[in-house]
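Take a walk through the fold below.

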Amino acid sequence: MNLTDMIEYENLGKLNKPFFKELEQTFKETLEGGWYILGNKVQEFEIQFADYCGTKYSLGLANGLDALIIALRAFNFEKGSEVIVPSNTYIATILSILHNGLVPVLVEPDIATYNIDVKKIEEKITKKTKAIIPVHLYGKVCEMDTINAIAKKNNLKVIEDCAQAHGATYKSVNAGNWGDLNAFSFYPTKNLGAIGDAGAITTNDEDLAGKVKSLRNYGSKVKYYNELVGYNSRLDEMQAAFLSIKLKYLDKINEHKRLLAALYLKHLKSDFIKPVVHSDYVDVYHIFCVRHPKRNELKEYLLKNNTKTDIHYPVAPNKQTAMRGILDNQPTPLAEEIHQTTLSLPISYYHTEQDILKVIEVMNKF
Ligand SMILES: *Cc1c(COP(=O)(O)O)cnc(C)c1O
């Protein structure tokens with residue numbers, strides 16, 4: 001087998017290649033500038049990213065998990081309060097609830113969108129419920145108008161997990177501009193990816209923005225004066241500088257992924273269950289997955305035919321060893337069904353239309 005014929009699932013070096021010159025330039029500038037933590041580059045990126053999301057504020061943080069933890073922390077919910085969260089999410093969303101001493105209450109997904117089933121939220125609300133964390137999985141925004149209406153009616157806070165949805169919209173409003181505090185990850189593989197770890201919170205609430213700003217930096221606004229029990233979760237200048245460059249290309253990256261997704265959607269045979277398309281949604285396809293009852297065979301078949309794939313995710317959160325005695329009393333058959341049948345196909349910014357047509361040709365012979 002000729003390895004050069006292999007279509008990889010992702011390759012970060014290739015993904016970032018078009019930006020190398022600009023990244024190197026800003027690396028040099030930032031290095032020579034001599035200011036590495038919470039400076040002009042972070043401030044610039046925060047203004048640009050808030051502007052991109054259409055929010056009043058954005059605060060740079062160390063990573064996406066911290067963004068979720070700090071968003072919850074800012075509300076200071078009583079320990080043992082309940083937080084509603086989809087059953088098929090990445091473990092980070094659940095961990096942020098646990099690390100705040102709160103109780104995750106799982107709600108099953110809509111099998112068509114893979115996002116939280118809004119019809120199943122209200123039956124899980126109790127006197128202890130304080131917040132909902134909708135997750136815009138794979139780059140499709142949740143039904144946020146309905147979720148916000150439920151939240152308002154029941155006096156709950158909304159924290160969007162936007163880690164997979166930079167630039168995605170629902171009814172023309174951006175991910176990160178629906179909830180009270182909204183968490184982003186800029187992990188290198190995300191649609192807006194740093195050259196290392198990074199994250200952010202967006203909000204339209206001045207008071208909450210101030211709290212996040214303090215919490216990320218030891219609970220301090222004035223150096224050496226601590227008003228909150230804070231964290232060290234600062235975005236560093238180098239990553240902020242890299243992100244400002246990548247942000248300029250985010251729409252182009254999303255557009256390219258949509259173009260590749262359109263090929264899959266049009267040409268893949270109907271044996272594969274494909275993501276739903278609807279005029280309310282502009283998806284950014286952080287992940288493009290299909291479902292098939294013989295998922296494992298399909299994955300192996302594709303590998304034999306020079307195509308690498310991935311699974312998001314192989315194990316549902318409540319089936320993880322770490323969640324024994326914590327979540328395993330909440331059965332989630334729909335999430336498990338998705339986890340057992342889903343396969344993520346190559347859809348990187350560096351993949352060409354020819355790459356994708358090759359994958360499709362092979363898949364249609366399965
Ligand atoms: C990536 C991701 C996170 C966590 O982000 P990190 O930057 O890796 O901490 C949280 N939630 C979801 C849905 C993610 O995909």
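Phe45, Phe49, Phe184 and Phe186 form a cluster linked by ring pairs. Rings of Phe, Tyr and Trp (its six-membered ring) pair if their centres lie within 6.5 Å; planes under 30 degrees apart count as stacked, over 60 as edge-to-face and the rest as tilted.

A word on the source. This is a predicted model, in which local features need pLDDT of at least 70, side-chain atom pairs count only at pLDDT 80 or more, and totals for chains, interfaces and linings use all residues. Residues are numbered from 1 along each chain as its sequence is written, and side-chain values use heavy atoms, with hydrogens and water left out.

The structure holds 14 aromatic pairs. Take Phe19 and Tyr249. Their ring centres are 5.0 Å apart and their planes stand at 40°, so this pair is tilted. The pair links distant parts of the chain, 230 residues apart. Phe19 sits in the loop between α1 (12–16) and α2 (20–33). Tyr249 sits in the loop between α8 (237–248) and α9 (250–267). Phe19 has 2% relative accessibility and therefore counts as buried. Buried means under 20% relative accessible area, exposed over 50%, partly exposed in between (1.4 Å probe, protein chains only).

Now turn to Tyr114 and Tyr138. The centres of their rings are 5.8 Å apart and the planes stand at 75°, so the pair is edge-to-face. Tyr114 is buried at 4% relative accessibility. Tyr138 is buried at 7%.

Step back to the chain. Its secondary structure comes to 12 helices and 14 strands; helices (H or I, at least four residues) and strands (E, at least two) are DSSP runs, numbered from the N terminus. The radius of gyration is 21 Å, close to the 21 Å that the globule rule gives for 366 residues, so the chain is as compact as a globular protein of that length. That radius is taken over C-alpha atoms, and the rule is 2.2 Å times the number of residues to the power 0.38. Along the principal axes, the C-alpha atoms fill a box of roughly 65 × 55 × 40 Å.

Of the 366 residues, 55% count as buried. Among contacts (heavy atoms within 4.5 Å) between residues at least 6 apart in sequence, 70% join residues at least 24 apart.
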